[in-house]
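Thanks for making time this morning.

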Amino acid sequence: MKLRLDALGQRYGDQSVLHDISLTVPEGQLLCVVGPSGCGKSTLLRTVAGLQPAYEGSVTFDGTPVTGVPDQLAVVFQDYGRSLYPWLTVRDNVALPLRRRGLPRAERRAEAERILERVGLDGAGRRHPWQLSGGMQQRVAIARALVCRPALLLMDEPFGSLDAQTREDLEDLLLEVHRTDGATIVFVTHDIDESVYVGDRVVVLSPGPASGVVLDLPVELPGRREQIGTRGLPEFVALRTEVGRAVRGS
Amino acid sequence: MKRLRRRQELWLGLLGVLLAFGACEAVGRAGGGPPPEQPPPYQIHAPPRGVGGGAGVVRRSYLPPASEVLARAVELGGDRAFLDGVGATLKAWALGLGLSVAIAVPLGLLLGSVPLVDSAVRVIVEFLRPLPSVALIPLVSLLLGTGTETKVALITYACVWPVLFNTVYGLGETDPLAKDTLRAFGFGRLSVLLRVELPGTAPFIAAGIRISAAVALILAVATEILSGFGEGLGIFIAQAGLATDGTRDVLAGVVWAGVLGLVINGVLVWGERRLFPWTPERRAGGRGGRP
Amino acid sequence: MKGAAAPVRNAARGPAAAGRAGGHVLLRLVVLVVAVALWQVAARAHASVYFPPPGQIAGRAHELWFSGPVGRLFLTDAAVADILPSLGRMAAGFGIAAVTGIALGLAVGRSRWAYALCNPVLQFARAVPPPALVPVFVVVFALGTPMQVASIAFSAVWPVLINTAEGARGTDPLRLDVAAVLRLNPVERLWFLLLPSALPRIFAGLRLSLSLSLILMVFSELLPGTADGIGFTLTDAQSRSDLLTVWAALLLLGVLGYVLNTALLAVERRLVGRGRTTA
């Protein structure tokens with residue numbers, strides 16, 4: 001699913017938050033959006049998801065303009081505690097998006113269990129989200145996003161509330177999912193290293209208000225991504241430095 | 001759910017009131033005129049054997065339109081006798097509420113300070129609280145007669161509970177760090193109570209008083225309706241219920257009761273906000289429901 | 001450590017905690033027994049006809065209502081004629097109030113404008129002291145069961161309605177976004193999000209409604225012209241200056257109130273889960 005932003009602008013009340021953002025995201029690309037706090041990254045994501053109408057400009061998926069939440073879209077939010085429904089079991093949480101496919105209940109459950117196994121949560125289906133650790137809860141959220149095989153996956157700082165070790169595990173999970181499923185992914189983060197490690201392309205937003213794009217960088221790293229090895233590569237360091245400079249505005 | 005501006009909320013609220021008014025008006029007018037002369041539904045002074053509810057009762061489904069009720073309610077505002085009655089109700093209400101606060105606050109502070117006593121007494125209170133206070137009207141009437149003392153005694157009893165609960169609950173919510181700090185400086189137990197715990201508990205006590213104020217009004221009106229004679233808003237409503245076309249008066253009395261309740265609640269909420277601007281909604285956290 | 005799970009309220013408790021809980025129950029039992037014993041002694045010593053000792057009160061209650069045949073759960077004729085109708089009316093009134101209140105409350109709470117529209121009217125309705133409304137129902141329905149059930153239902157509906165509406169309003173906006181992203185239809189949104197999210201608030205409202213139902217049940221039966229019920233027993237005994245029966249009826253009401261409140265709490269714990277009750 002090709003995603004296209006044309007001169008996108010967004011406001012919050014009287015304040016302009018985003019200004020003149022134009023991007024084309026080809027199918028299957030993992031785009032990372034980085035920027036300092038308060039620069040409107042989450043607002044950008046919510047506008048792309050159709051949760052908020054754009055103030056100016058437009059968002060199009062495969063040529064169709066976005067009005068309201070489109071089909072084939074999934075979102076993973078940062079606050080897993082709040083985005084999962086605590087009164088449903090893990091399995092029912094994951095199976096929830098399948099309702100709109102019209103599948104019978106037994107099939108929905110089977111599909112949910114399959115996805116849970118895929119993200120490494122075998123057997124956690126009958127528990128409730130609040131019985132799991134933070135990393136596991138976010139895996140549930142990812143499972144819920146993946147269960148409908150979305151063409152476009154939006155992730156809003158999904159690993160920001162997790163500890164470093166868990167974060168690395170989930171980054172690798174994301175890479176593996178991207179490799180096999182091939183969905184277009186827009187990944188918002190404030191972590192510069194993470195953006196270079198995970199992304200095919202990094203876009204940097206200027207600090208607010210009225211943020212625009214200050215850097216649009218393809219990420220070319222040799223070999224398969226791997227936490228220790230890749231992060232030590234000179235190419236990684238160079239990319240990371242460039243992104244870091246852009247974020248700091250120097 | 002989109003946000004609504006304050007002004008939009010006010011206009012919508014006004015529209016809602018007008019719509020409700022219109023609906024009541026329509027219902028009232030649809031019922032046709034008042035029925036011809038009919039015997040009253042029951043006699044308050046007849047022996048309470050339930051026989052009066054039998055033969056001779058004709059159901060009256062006549063409800064006057066809202067405009068008439070409102071006009072009558074406004075008219076009553078100029079009626080000296082009616083206002084005296086309302087005053088009598090409010091006097092008993094205030095007296096009962098005041099007494100209950102005077103009892104419940106020191107008792108609550110005492111109970112809350114001694115945890116062992118508190119958890120012990122809680123048991124007894126758990127059994128007394130669910131008892132509906134109106135059920136005590138017959139008992140207290142036998143003990144104290146049917147005068148103002150009965151009313152005040154009942155109101156006091158019913159109002160003690162919410163204030164007591166909220167006081168104890170509020171004490172439990174005070175920051176132990178503040179208490180320890182003062183103790184470290186050598187202040188005695190009583191000083192700590194007065195300087196830290198009382199101001200900290202005050203917002204909760206205020207919320208308890210607000211709940212008790214509503215309870216007191218319920219008891220005052222209930223006692224009056226049952227006693228049948230004397231002065232009071234409840235008396236007015238009960239006696240209007242006997243008269244042949246008293247429905248309008250009954251409803252006008254109800255409007256007055258509702259307005260009274262709203263005003264009391266509004267004043268208390270405003271007072272709470274003024275006195276304790278820093279506390280959010282958690283004030284109402286105690287189990288201070290109506291008994 | 002960052003990313004640790006949110007506090008799990010019903011995590012497995014150790015034997016020390018269980019011991020403390022058991023100790024609490026024991027303490028409560030002891031206090032209760034001591035209190036009753038003290039009351040018994042004091043009333044005996046004082047020997048006033050107005051304050052009979054608890055033993056006598058319990059005896060009268062047993063004689064009046066619980067000394068019947070085994071087949072009928074020990075209920076006497078009087079019990080069946082008085083207690084059951086009262087409870088039936090209360091249950092009907094409370095049931096109507098609960099269902100109507102939750103349904104309307106969800107409808108009102110779902111949209112900002114519906115809430116703003118209805119709020120002033122609801123606040124007024126809630127502010128009217130319920131006993132003041134009973135004469136209105138007497139006029140409309142005449143005396144009898146319909147009047148009583150209507151009084152109970154009409155008075156008890158407001159706390160449930162208002163609390164449900166506020167519970168629905170307080171739904172986490174992030175969860176609403178999730179519902180939008182998951183493309184839930186309005187019914188699914190209600191069933192999977194709004195209702196479970198508002199449940200703690202709904203039960204807070206139900207608790208208030210239950211106590212109002214009890215109050216109105218008794219009050220509507222205290223009015224002259226009623227023929228049966230616990231309230232009628234009270235006024236009947238009052239007119240005969242039969243204090244012992246008055247006290248017995250009060251004891252019955254207290255126990256009933258306690259049992260009903262405990263039952264409601266149990267239902268709440270079951271439906272809402274231990275981590276989320278507001279009690």
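Let me begin with A:Arg149, which is exposed, with 11 other C-beta atoms within 10 Å. On that scale, a residue is buried if 20 or more other C-beta atoms lie within 10 Å of its own, exposed if 12 or fewer, and partly exposed in between, the C-beta atoms being placed from the backbone. Before going further, please keep in mind that this is a predicted model, in which local features need pLDDT of at least 70 and side-chain atom pairs count only at pLDDT 80 or more, while totals for chains, interfaces and linings use all residues. Residues are numbered from 1 along each chain as its sequence is written, and chains are lettered from A and ligands numbered from 1 in the order in which they are written.

What is the phi of A:Arg149? The angle is near 45 degrees, a positive value in a residue other than glycine, and the residue sits in the loop between helix 5 (134-146) and strand 7 (152-156) of chain A; helices here are DSSP runs of H or I with at least four residues, and strands are runs of E with at least two, numbered from the N terminus. Most residues other than glycine have a negative phi. A:Gln72, also not a glycine, has a positive phi of about 65 degrees, and its place is in the loop between strand 5 (64-65) and strand 6 (73-76) of chain A. A:Gln72 is partly exposed, with 15 other C-beta atoms within 10 Å.

Turning to the chains, two residues are in contact if their C-beta atoms, placed from the backbone, lie within 7 Å. Of the two pairs of chains that touch, chains B and C have the most contacts, whereas chain A and chain B do not touch, their nearest C-alpha atoms being 11 Å apart.

The contact between chain C and chain A takes 21 residues from chain C and 26 residues from chain A. On the chain C side, helix 7 (173-181) and helix 8 (186-222) are the elements that give two or more residues, and helix 7 of chain C gives the most, with six residues. That side divides into 13 nonpolar, two polar and six charged residues, where Ala, Val, Leu, Ile, Met, Phe, Trp, Tyr, Cys and Pro count as nonpolar, Asp, Glu, Lys and Arg as charged, and the others, Gly among them, as polar.
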